[in-house]
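Dear colleague,

I am passing on the structure we spoke about, with some notes on what turned up when I went through it. Please read them alongside the coordinates.

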Amino acid sequence: MALPTMSSVTPEDTTLSPPPVESPAERIEERAVRATLVCVARHGLAKTTFDDVAREAGCARATLYRYFGGKRQLVLITTAREAARIAASIRAAADVEETFEDAVVAMFVRAARELREHEALQFLFAFEPEVVLPHVTFDAGNRFLVAAGSAISPAIARFIPAERVERAGEWLARVALTHALPPTSPIDLTDEAETRPLVRELVLPGLLHSEPGT
């Protein structure tokens with residue numbers, strides 16, 4: 001095979017797009033979010049202080065206050081960033097699959113692994129469940145499931161009618177949450193072999209043959 005000569009290379013081939021440049025605020029936010037997760041995994045949310053996060057992030061306490069205003073706002077931003085990251089990870093797992101069943105299995109497995117490997121969340125589930133459970137049960141839980149379903153639904157849009165995508169995403173989020181959060185389910189969603197029968201026998205019929213969630 002002939003190698004390309006300089007004359008055959010177009011200007012577009014030789015022009016490299018510069019990498020995106022983060023602003024100082026974005027860099028501070030990224031460091032603070034990472035530091036918050038480390039501190040929560042180490043001490044829990046209740047015992048994590050703004051000073052702890054500042055030390056872990058290598059920032060002055062005054063700098064964090066200037067950007068976030070306090071612990072509550074920092075926790076809200078960290079939660080939103082992590083939720084978006086996990087949703088993107090779940091969508092990416094589905095995007096590489098060719099069939100609906102494989103995509104849903106991949107989503108469940110990825111979601112379960114994200115939760116199991118998330119050290120901050122695991123600490124909260126084990127030692128501060130009162131922090132997490134109010135957000136995933138009752139009315140707040142319904143709002144969480146709607147938001148989670150909306151975040152992951154683009155990954156299944158190619159398989160089902162457009163008017164059912166949002167409800168289908170919510171149904172997937174509801175089933176995954178039921179089986180992935182403590183108390184543990186007899187089904188290990190991190191195991192593809194265990195997850196596939198659940199998807200085939202319970203999840204897909206609800207998505208393909210009836211209105212999801214009914």
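Helices here are DSSP runs of H or I with at least four residues, numbered from the N terminus. Please bear in mind throughout that this is a predicted model.

In that numbering, Glu 82 lies in helix α5, which covers residues 71–95. Because its relative accessible area is 12%, under the 20% limit, Glu 82 counts as buried. Once its neighbours within four places in sequence are left aside, Glu 82 is in contact with Leu 37 and His 118.

Helix α7, made up of residues 119–127, has Ala 120, Leu 121, Phe 123, Leu 124 and Phe 125 as buried residues. These buried residues of α7 pack against α2 (24–43), α6 (100–116) and α8 (129–136).

Ile 152 belongs to helix α9, residues 138–152, and is buried, with a relative accessibility of 10%. In sequence Ile 152 and Ala 87 are 65 residues apart, yet their C-alpha atoms are 5.9 Å apart in space. Apart from neighbours within four places in sequence, the contacts of Ile 152 are Ile 90, Arg 91, Met 107, Gly 169, Leu 172 and Ala 173.

As for the cysteines, Cys 39 is buried at 1% relative accessibility, and Cys 59 is buried too, with a relative accessible area of 13%. A disulfide is a covalent bond between the sulfur atoms of two cysteines, and a search of the whole structure finds 0 of them.

Key. Residues numbered from 1 in each chain as written. Predicted model: local features only at pLDDT ≥ 70, side-chain atom pairs only at ≥ 80, totals over all residues. Heavy atoms only, no water. Buried < 20%, exposed > 50% of the residue type's maximum accessible area, 1.4 Å probe, protein only. Helix = DSSP H or I, 4+ residues; strand = E, 2+ residues; numbered from the N terminus. Contact = heavy atoms within 4.5 Å. Disulfide = S-S within 2.5 Å.
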